[in-house]
Each structure stands twice: as C-alpha cells, then as structure tokens.
Amino acid sequence: QVQLVESGGGSVQAGGSLRLSCASSVYIYSMYCMGWFRQAPGEERERVAHIYTPTGGTFYADSVKDRFTISQGHAKKTLYLQMNNLKPEDTAMYYCAAASAAASGSWCYAESSYNYWGQGTQVTVSS
C-alpha cells in the first residue's frame, strides 16, 4: 500500500511563493506517474502538474506553466511543487497522487489513472 502525505500549504498574499511536499512510502520511480492536483470549492479537481517517471518528463497545466515547478527530492521519496507568483485563483486544496500503472505517458494526464492519493494540503492566496 502506497502512502502519500502532503505538507507545506498555507496562506500567502498574491505574488508570494509556497513549496508543497509529498512524502511517499515508496520510491517515486516505482510509480509511473506522480502528480499534483487541486480542487477549489465548488469546482472539479484538476491536474496541476505531473512527472512521467520512466522518462522524468514534467508536464504542467497552462494555468500554472512558468510559475510552478514539479520535482523529486534527492532521496527519491519526496515530490515537490514549487509555486511562485501565486494568484488568488490558485486557492484550492492541493493533492499529491501516484499511478502504479500506465500504458503510456498520456495516461498521466487523466485523474482516473491515479490510484493513490494523499489527504491534501490547503493553499489560500489573498489579493
């Protein structure tokens, strides 16, 4: 059983930065996709960024491109999301997720591909 625990959320003003961490009970490379998702009140959950671990490729939603960076820790059991130039519309609960199987990298774009989820960490950005 894979366990994912997020941390690092908080409240910041617009233009500020936060770094989210996701501690995994297994090595990240043992999963095919590692991703960050978010869900704002009244909204559907959306993918923010992901890593396709067989290649190390990183992919971002258009709304966060050039502001957010997804990465792995040196110990390879931690996933990070560095968030810069935060905007009020980034306010949401952020979730770390892992997919233990994927036929191809395109699978990582779909929420349904992820079979392990953390409990979430809240990010609030004020204007």
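Leaving aside its neighbours within four places in sequence, with which residues is Tyr-94 in contact? Select Tyr-94 to begin. Contact here means heavy atoms within 4.5 Å. The partners of Tyr-94 are Glu-6, Leu-20, Phe-37, Arg-38, Val-48, Phe-68, Leu-81, Met-83, Gly-120, Thr-121 and Val-123.

A note on the model is needed before the tour continues. The model is predicted, so local features need pLDDT of at least 70 and side-chain atom pairs count only at pLDDT 80 or more, whereas totals for chains, interfaces and linings use all residues. Residues are numbered from 1 along each chain as its sequence is written, and side-chain values use heavy atoms, with hydrogens and water left out.

**The nonpolar cores**

Next, select Trp-36, Leu-79, Leu-81 and Met-83 together with Tyr-94. Within the largest nonpolar core, which has 29 residues, these five touch the most other members. A nonpolar core is a set of buried Ala, Val, Leu, Ile, Met, Phe, Trp, Tyr and Cys residues joined through side-chain atoms within 4.5 Å. Buried means under 20% relative accessible area, exposed means over 50%, and partly exposed lies in between (1.4 Å probe, protein chains only). At least two residues of this core come from each of β3 (18–24), β4, β5 (46–52), β7, β8, β9 and β11. Strands are DSSP runs (E, at least two residues), numbered from the N terminus. The strand that gives the most to this core is β9, with 4 residues. A second, separate core has 8 residues, among them Cys-33, Ala-97, Ala-102 and Cys-108. In soluble globular proteins, nonpolar side chains tend to be buried together.

**The salt bridges around Arg-38**

Now select Arg-38, one of the contacts of Tyr-94. A salt bridge is a side-chain nitrogen of Lys or Arg within 4 Å of a carboxyl oxygen of Asp or Glu, and the whole structure holds 5 of them. Arg-38 forms one with Glu-46 (2.6 Å, N to O) and another with Asp-90 (2.9 Å, N to O). Are Asp-90 and Arg-38 buried or exposed? Asp-90 counts as buried at 0% relative accessibility, and Arg-38 counts as buried at 6%. Glu-46 is partly exposed, at 34%.

Select residues 121–126, which form strand β11. Thr-121, Val-123 and Val-125 make up its covered face, and Gln-122, Thr-124 and Ser-126 its uncovered one. In a regular strand the side chains alternate between the two faces of the sheet. Two strands pair if DSSP finds at least two bridges between them. Strand β2 (residues 10–13) runs parallel to β11, joined by 4 bridges, and Ser-11 stands opposite Thr-124. Strand β9 runs antiparallel to β11, with 3 bridges; here Met-93 stands opposite Gln-122.

**The open sheet**

Finally, display the open sheet of 4 strands, whose order is β1-β3-β8-β7 with antiparallel pairing. Its edge strands, β1 (4–7) and β7 (68–72), each pair on one side only. To finish, select Ile-70 and Leu-81: β7 and β8 are joined by 5 bridges, and Leu-81 in β8 is the bridge partner of Ile-70.
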